[in-house]
Amino acid sequence: MNLFTEDMKEETASRGRIEVICGSMFSGKTEELIRRLKRAKFAHQRVEIFKPAIDTRYSEQDVVSHDNNTIHSTPIESSGSILLFTSEIDVVGIDEAQFFDDGLVHVCNELANQGIRVIVAGLDMDYKGIPFGPIPALCAIADEVTKVHAICVKCGNLAYLSHRTVKNDKRVLLGEQEEYEPLCRRCYQKAVKEGK
Ligand SMILES: [Zn+2]
């Protein structure tokens, strides 16, 4: 079975559904979100994209993935605001969803019930392997969940989480290669044991 469904009916049908794309850092979550949103645009659907105002790594306005494949987005402070922007919209994309409040679960249900296709991308776990923010609950209510994987930098197997390589206990630490590395379960346990 193909990992990403190519069923055009699913992608263009105007009916409400929730799709979750989750995984560790460097797993291609945002790239997959952008791919789906661009296809919806090609199908002449009205697309709106949101991200938490906290994520200002690249630019205030764009959802930007690591290969610079950009798409315009609106930064917002709290999940409830999404409902204010979604009249006459067919598809809503939400990036970095792990940083939103738990109200996002209700918001996504509300949108899907209105007939909107909702595509949510976010980190499934934090750097300690603890489920992150509203993502676990979103996976539960989603019509479809796609888990994407990075590659373990130590052994080349599928990565399990994004291990933080700098000493900092703050849960929200936005960064790139210097602060995180994707590791498989075995290499992560080894790194923790060695105090790295
Ligand atoms: Zn490994």
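Does E96 count as buried or exposed, and at what relative accessibility? In this predicted model, E96 comes out at 12% relative accessibility, and because the cut-off for buried is under 20%, the residue counts as buried. As for where E96 sits, it is found in the loop that runs between β6 (91-94) and α3 (103-113). This glutamate also turns up in the UniProt record, where an unreviewed entry puts the annotation "active site" on E96.

The chain has 196 residues, and 46% of them count as buried. Looking at contacts between residues at least 6 apart in sequence, 71% join residues at least 24 apart.

Then there is the metal. A zinc ion is held by the SG atoms of C152, C155, C184 and C187, at 2.3 Å. Along the sequence, these donor residues follow the spacing C-x2-C-x28-C-x2-C. The pair C152 and C187 links distant parts of the chain, 35 residues apart: C152 lies in the loop between β8 (144-148) and β9 (161-164), while C187 belongs to helix α5 (residues 185-193). Both C152 and C187 are buried.

What about the geometry around the zinc ion? The 4 donor atoms subtend angles of 100 to 119 degrees, so the arrangement is tetrahedral. For reference, the ideal angle at a metal with four tetrahedral donors is 109.5 degrees.

Note on methods
Residues numbered from 1 in each chain as written. Predicted model: local features only at pLDDT ≥ 70, side-chain atom pairs only at ≥ 80, totals over all residues. Heavy atoms only, no water. Buried < 20%, exposed > 50% of the residue type's maximum accessible area, 1.4 Å probe, protein only. Contact = heavy atoms within 4.5 Å. Donors = N, O, S within 2.8 Å, 3.2 Å for Na, K, Ca; no water. Tetrahedral: all angles 85-135°; square planar, octahedral: opposite > 155°, others 65-115°. Helix = DSSP H or I, 4+ residues; strand = E, 2+ residues; numbered from the N terminus. UniProt positions renumbered as here; feature names shortened; annotations may be inferred.
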